Amino acid sequence: MSRIETIADGVTLYLGDCREILPTLTGFDAVVTDPPYGIALNTNNLRFSGGKGESQRRRGKLSGTAGGDPIAGDQEPFDPTFLTEIGSQQIIWGWHNFPNSLPRGACLIWIKRFDEAFGSFLSDAETAWFSKGHGVYCFRDLSNMADAKIRVHPTQKPLPLMKWCIEKTTGSILDPFMGGGSTGVAAVNLGRRFTGIEIEQKYFDAACRRIDEAVKQPDFFIEKPRPKQETLEL
Ligand SMILES: C[S@@+](CC[C@H](N)C(=O)[O-])C[C@H]1O[C@@H](n2cnc3c(N)ncnc32)[C@H](O)[C@@H]1O
């Protein structure tokens, strides 16, 4: 099943499989995405909450984000190569899960835990591959430690993190693994054109709602595409 929602001029969301939809689309400047990592992640974010979260989950008191549903495509190895062929810049989260599939690039690190929490078996940070450059750049955002119960997606990225990513790129943004739409909200907040694709109806609906709310902000604007420069024959 597929569906297209035009949230605003320059902001279009697709419900469906990106591998089928992408061949029908063109004209993106940058891919900023957080695909399935191929790690069969246990998405029950509250399993370490001393039983409290788990009992709330069983009684249906929590949103789907903490419900432990598997992420589509996460059960088999993920090959991100096809994403490097779209647009002129790519940022792909989950780099350390598929390091041999991507060429040299810059490393973006999201530090997601307090220093005091370092050293447990839980991940302290996540990595992204950026096609431009070769440095290592860090961004600290600890909000995911606090707001597991209000997220719309189990692996939702914080908005400030996605804005930081998008500001490293230029032009229109594509996220073919949109989830709950964090890349889209960040893109729209920054005035960028955005196209998102998501295969799961419940996350697609959440993304439509969040991006629509972002578009309705009074300071909403979308950058017009720059006309291509003509080469003059002298
Ligand atoms: C890691 S999550 C993205 C989470 C997102 N960054 C957020 O902040 O909400 C990856 C998403 O890709 C979706 N997905 C997996 N395979 C897909 C496919 N072939 N086409 C479109 N979406 C897909 C999954 O349903 C999942 O929501």
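1. **Ground rules.** Because the model is predicted, local features need pLDDT of at least 70 and side-chain atom pairs count only at pLDDT 80 or more, while totals for chains, interfaces and linings use all residues. Residues are numbered from 1 along each chain as its sequence is written, and side-chain values use heavy atoms, with hydrogens and water left out.

2. The ligand sits in the second largest pocket. A pocket is an open set of points on a 1 Å grid over the protein atoms alone, where a 1.4 Å probe fits and protein lies on both sides within 12 Å along at least five of seven lines.

3. A nitrogen atom of the ligand lies 2.9 Å from a polar backbone atom of C18, and an oxygen atom of the ligand lies 2.9 Å from one of K157. At I199, a polar backbone atom is 3.2 Å from a ligand nitrogen. Taken alone, the ligand exposes 600 Å², of which the protein buries 96%; these areas come from the Shrake-Rupley method with a 1.4 Å probe.

4. **Overall fold.** The protein has five helices and nine strands, in the order β-β-α-β-α-β-β-β-β-α-β-α-β-α along the sequence. Helices (H or I, at least four residues) and strands (E, at least two) are DSSP runs, numbered from the N terminus.

5. **Burial and surface.** Of the 234 residues, 48% are buried. Buried means under 20% relative accessible area, exposed means over 50%, and partly exposed is in between (1.4 Å probe, protein chains only). The protein exposes about 12400 Å², with carbon and sulfur atoms supplying 53% of it.

6. **Helix α3.** In α3 (residues 159–166), the buried residues are L161, M162, W164, C165 and I166. Their cover includes the strands β3 (30–33), β4 (89–93), β5 (106–111), β7 (136–140) and β8 (173–175), along with helix α4 (182–189).

7. **Helix α4.** Seven of the eight residues of α4 are buried, namely S182, T183, G184, V185, A186, A187 and V188. They pack against β2 (11–15), β3, α3, β8, β9 (194–198) and α5 (201–215). After the helix comes G191, with a positive phi near 80°.

8. How buried is T183? Its relative accessible area is 5%, so T183 counts as buried. Leaving aside neighbours within four places in sequence, T183 is in contact with V32, M162, I166, I173, D175 and F194. V32 is 151 residues away along the chain, yet the two C-alpha atoms are separated by 7.1 Å. With D175 there is a side-chain to side-chain polar contact at 2.8 Å; within protein, one atom of such a pair must be able to donate a hydrogen and the other to accept it.

9. **G171, between α3 and β8.** This loop residue counts as buried because its relative accessibility is 14%. G171 touches D29, R192 and E223, not counting residues up to four places away in sequence. R193 is 22 residues from G171 in sequence, at a C-alpha to C-alpha distance of 7.4 Å.

10. **F98, between β4 and β5.** F98 is also in a loop and is buried, because its relative accessible area is 4%. Beyond neighbours within four places in sequence, F98 is in contact with P35, P36, Y37, F78, P80, I92 and W93.

11. **A40, worth checking.** A40 is in the loop between β3 and α2 (52–58), and its phi is positive, near 45°. Most residues other than glycine have a negative phi. With a relative accessible area of 43%, A40 is partly exposed.

Key:
Polar contact = N/O pair within 3.5 Å; in protein donor to acceptor, adjacent residues only side chain to side chain. 1 Å grid on protein atoms, 1.4 Å probe; cavity = no way out; pocket = protein on both sides within 12 Å on 5 of 7 lines; lining within 4 Å. Sits in = over half its atoms within 2 Å of the grid points. Contact = heavy atoms within 4.5 Å.
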